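I opened the model today to look up its strands, its overall fold and the contact between its copies. My entries follow in the order in which I looked.

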2 protein chains.
Amino acid sequence: MSGVAELLARRERLLGPGNPLFYDDPVHLVRGQGVWLFDSDGRRYLDCYNNVPCVGHCHPAVVKAISEQAGLLNTHTRYLHENILDYGERLLATFDAGLNRLALACTGSEANDLALRIARFNTGGDGFICTNATYHGNTTAVGQLSSIFEPFEGYAETIRRVSWPDSYRSPNGLSGAALADAYADEVRQAIDSFSARSIRLAGLLVCPIFANEGLPRVPPGYMEKAVAHVRAAGGLYIADEVQAGFGRVGKWWGHEDSGIIPDIVTLGKPMGGGHPISGIVARGELLDNFRRSQMYFNTYGGNPVSCAAAMAVLAVIEQEALVENAAAVGDYVLKGFEELQSKHEIIGDVRGRGLFFGIDLVTGREAKTPSPDAARRVVNALRHKGILMSRIGEHGNVLKLRPPLCFSKENADLLVAALDETLAQQGARATR
Amino acid sequence: MSGVAELLARRERLLGPGNPLFYDDPVHLVRGQGVWLFDSDGRRYLDCYNNVPCVGHCHPAVVKAISEQAGLLNTHTRYLHENILDYGERLLATFDAGLNRLALACTGSEANDLALRIARFNTGGDGFICTNATYHGNTTAVGQLSSIFEPFEGYAETIRRVSWPDSYRSPNGLSGAALADAYADEVRQAIDSFSARSIRLAGLLVCPIFANEGLPRVPPGYMEKAVAHVRAAGGLYIADEVQAGFGRVGKWWGHEDSGIIPDIVTLGKPMGGGHPISGIVARGELLDNFRRSQMYFNTYGGNPVSCAAAMAVLAVIEQEALVENAAAVGDYVLKGFEELQSKHEIIGDVRGRGLFFGIDLVTGREAKTPSPDAARRVVNALRHKGILMSRIGEHGNVLKLRPPLCFSKENADLLVAALDETLAQQGARATR
């Protein structure tokens with residue numbers, strides 16, 4: 001039995017069926033460095049997918065911070081320690097001044113679950129609005145707001161799923177302000193349908209760049225209008241920055257583009273560069289009201305090692321100017337993808353925000369018919385060319401690229417060339 | 001402003017009010033080693049509280065495992081990696097053969113939330129039974145089963161809280177089999193009350209040693225009878241081993257004493273020696289059924305670094321014979337506490353399971369009136385004598401001691417002498 005076959009058999013035996021695994025021919029990774037990953041055969045892969053190691057795989061400053069603090073002290077926040085405070089001050093400095101309180105946990109799911117509780121507590125409401133093609137985490141409560149994977153429990157009557165703001169396949173050919181109005185109107189209608197059932201609104205939970213939905217070009221004015229409806233009804237705007245945050249979009253936070261300051265921001269994945277840490281940042285009164293009434297303690301949350309890891313990530317992002325790099329290299333990659341679009345009919349649309357890209361594959365540019373099969377084939381073909389990515393979106397047809405923030409123009413050239421070659425092969429296959 | 005006062009002011013400013021903090025005069029820790037913790041003044045504390053660093057603070061083998069793997073690779077389980085498999089095989093070997101599947105997450109709350117979902121999925125029920133003085137975690141769903149801290153949401157009608165099996169302050173002077181029957185009968189009544197409302201039972205979630213409740217001597221036969229009622233009604237027995245597990249009780253698992261094999265076991269706190277990792281171990285069919293239907297993925301869960309940390313913890317427990325040490329030193333400490341009980345009227349009851357102890361403080365031995373004030377004073381006085389512990393129980397009057405598993409007889413002598421001195425001072429204060 002080959003190495004991979006043996007690992008698969010052991011996984012099945014220990015973890016059972018249904019554990020998500022990338023690629024038809026899964027990759028067995030053994031080492032990572034910067035933007036590179038290496039498999040057990042010594043083969044090198046350019047990582048164009050992983051946002052968790054945002055400062056690069058195994059960054060020496062992050063490894064050193066974890067190692068040193070793990071060797072010194074690792075306790076919990078019922079004793080005093082500087083790390084959580086040093087980190088908190090540095091993190092909050094990257095936010096609008098109104099977002100001035102922090103709570104730390106370990107996963108994005110925990111952060112979103114806590115945000116839902118804080119919103120319910122402060123508004124007295126139970127109603128939440130999310131989009132119809134998203135994922136926010138895996139707890140019982142957060143699973144209710146995950147519309148990509150329907151929870152077996154079904155959706156409670158306190159949940160409404162509105163259309164995500166798709167400006168590529170827009171309804172009725174709408175565009176501009178009319179499109180923003182149409183989508184925002186769905187939020188208003190959701191609120192009305194809560195009112196009709198005497199359900200009070202607690203909030204709107206969205207990723208500010210709608211990453212899982214396929215990274216759309218959000219119609220200008222949509223967020224303003226949607227959030228205005230929510231706030232008029234007494235609800236809160238919760239921005240899930242688990243994917244969008246920490247410089248990914250060429251700005252510190254995904255919500256900066258719209259200019260609308262959220263009431264609560266949730267953080268996760270890249271926060272500790274791989275070390276499990278997450279958190280929420282909120283308007284002080286929201287978190288304080290909640291904490292005065294409700295005991296919230298997270299054993300591992302905010303421990304000295306987690307905070308040391310997260311602090312090292314912030315420091316590297318600043319020292320290596322990775323926010324700026326995400327913006328500059330992001331633009332460069334996007335131009336490369338746009339050139340590919342001019343060559344390959346299969347590319348219906350190309351979208352980018354910093355170092356986050358969605359390439360919308362279609363069977364025809366006029367009909368814009370999503371081609372999830374092509375996306376699956378491209379992702380698998382590129383894995384064999386040493387390029388790692390995945391796919392997202394309501395239709396599963398959008399190539400998802402989200403490399404470490406230290407991605408360079410040289411890396412970009414390699415990516416674009418490999419994608420070009422693969423799309424040419426796919427195109428040839430399609431026309432055979 | 002002193003160092004502590006400044007840290008408190010920064011905490012208030014960044015984290016807001018209501019963050020749990022130990023002691024009237026909080027401790028500012030800077031270093032840990034084995035059973036010892038050191039504050040910023042260089043003062044040494046004997047750690048008699050922390051179970052998370054189960055193999056001792058900053059154990060070199062755990063630090064080395066984390067450092068090396070963090071420097072090599074840290075990804076997620078959608079790529080293949082040996083660590084989760086090597087760990088899974090070693091962990092499952094410590095369980096009954098029927099408990100043969102593993103899922104990894106990051107916190108005890110996540111593990112319990114997942115266990116609830118698995119139980120609901122497999123039973124088709126929604127009803128859960130817990131005790132009336134417990135805590136199982138902080139997600140929205142798990143908060144419903146936390147009876148020490150009432151959730152602001154109130155309790156759903158699908159939750160029943162039964163009396164924990166208290167054999168010290170037993171009702172109507174019952175003891176032995178009659179007491180076990182009386183408590184188990186509450187479980188049956190809870191099931192009946194579900195039936196009366198057409199709520200199907202999903203399961204019973206308890207800590208098998210009832211740690212938060214005050215570590216009672218469980219009446220022999222209670223678990224057998226309670227679980228028999230649950231299973232007869234189609235429900236599952238979920239054992240929350242977040243506190244009881246990994247050798248704490250002088251056996252690998254807290255549920256071993258009753259001989260009743262749970263359907264699902266949840267793991268957390270000591271699992272990674274401080275590194276955030278948690279999990280569930282379950283009968284294969286339960287997890288497999290769930291996974292076949294429901295996407296469950298945890299970004300950080302089971303990553304190579306977390307598994308390396310957890311593997312090092314298992315290895316140290318075995319190499320240093322810490323399960324055996326917990327049993328042997330546990331007996332020794334318990335004898336010391338029993339001698340103190342013979343000297344100090346304030347000690348109503350002494351209970352121990354391996355290296356987990358509850359000392360039940362009372363205002364009078366006849367009335368057994370709980371004395372939470374005395375417990376608070378003793379905990380704070382011992383902090384100033386360089387001994388760290390806390391208190392638990394329905395009445396907050398039970399001294400809670402749960403030191404790292406490498407606790408020695410020499411450590412025990414120090415603890416018992418300091419407690420003796422403190423109780424004498426408290427006794428003198430009480431009679432002044």
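Entry 1: I began with strand β8 (residues 236-240) of chain A, which runs parallel to β9(A) and is joined to β9(A) by three bridges. I count two strands as paired if DSSP finds at least two bridges between them. Helices (H or I, at least four residues) and strands (E, at least two) are DSSP runs, numbered from the N terminus. A:A239 has A:V265 as its bridge partner in β9(A). I then looked at strand β10 (residues 278-283) of chain A, which pairs with β9(A) in the antiparallel sense over four bridges. Here A:L267 has A:G279 as its bridge partner in β10(A).

Next I checked the side chains of β9(A), residues 264-267. A:I264 and A:T266 point one way, A:V265 and A:L267 the other, and all are buried. In a regular strand the side chains alternate between the two faces of the sheet. My cut-offs: a residue is buried with 20 or more other C-beta atoms within 10 Å of its own, exposed with 12 or fewer, and partly exposed in between, with C-beta atoms placed from the backbone.

**Entry 2: ground rules.** The model is predicted, so local features need pLDDT of at least 70 and side-chain atom pairs pLDDT 80 or more, while totals for chains, interfaces and linings use all residues. Residues are numbered from 1 along each chain as its sequence is written, and chains are lettered from A and ligands numbered from 1 in the order in which they are written.

**Entry 3: chain A as a whole.** I find 12 helices and 15 strands in chain A. Its C-alpha atoms fill a box of roughly 65 × 60 × 45 Å along the principal axes. For 432 residues, a compact globule would have a radius of gyration near 22 Å, and chain A agrees with 22 Å. That radius is taken over C-alpha atoms, and the globule rule is 2.2 Å times the number of residues to the power 0.38. Of the 432 residues, 57% count as buried. Among contacts with a separation of 6 or more, 75% link residues 24 or more positions apart. A contact means C-beta atoms, placed from the backbone, within 7 Å.

**Entry 4: helix α4(A).** This helix covers residues 108-123. Its 16 residues should span 22 Å at 1.5 Å a residue, and its end C-alpha atoms are 22 Å apart, which agrees. The expected span is 1.5 Å times one less than the number of residues. I see 15 of its 16 residues buried. A:G124 follows, with a positive phi near 70°.

I then superposed chain A on chain B: a rotation of 180° with 0.0 Å of shift along its axis does it, at RMSD 0.0 Å. The two copies are thus related as by a two-fold rotation axis. In chain A, A:S67 has the C-alpha nearest the axis, 2.5 Å from it.

Conventions:
Least-squares fit on C-alpha atoms with pLDDT ≥ 70 in both. Contact = placed C-beta atoms within 7 Å.
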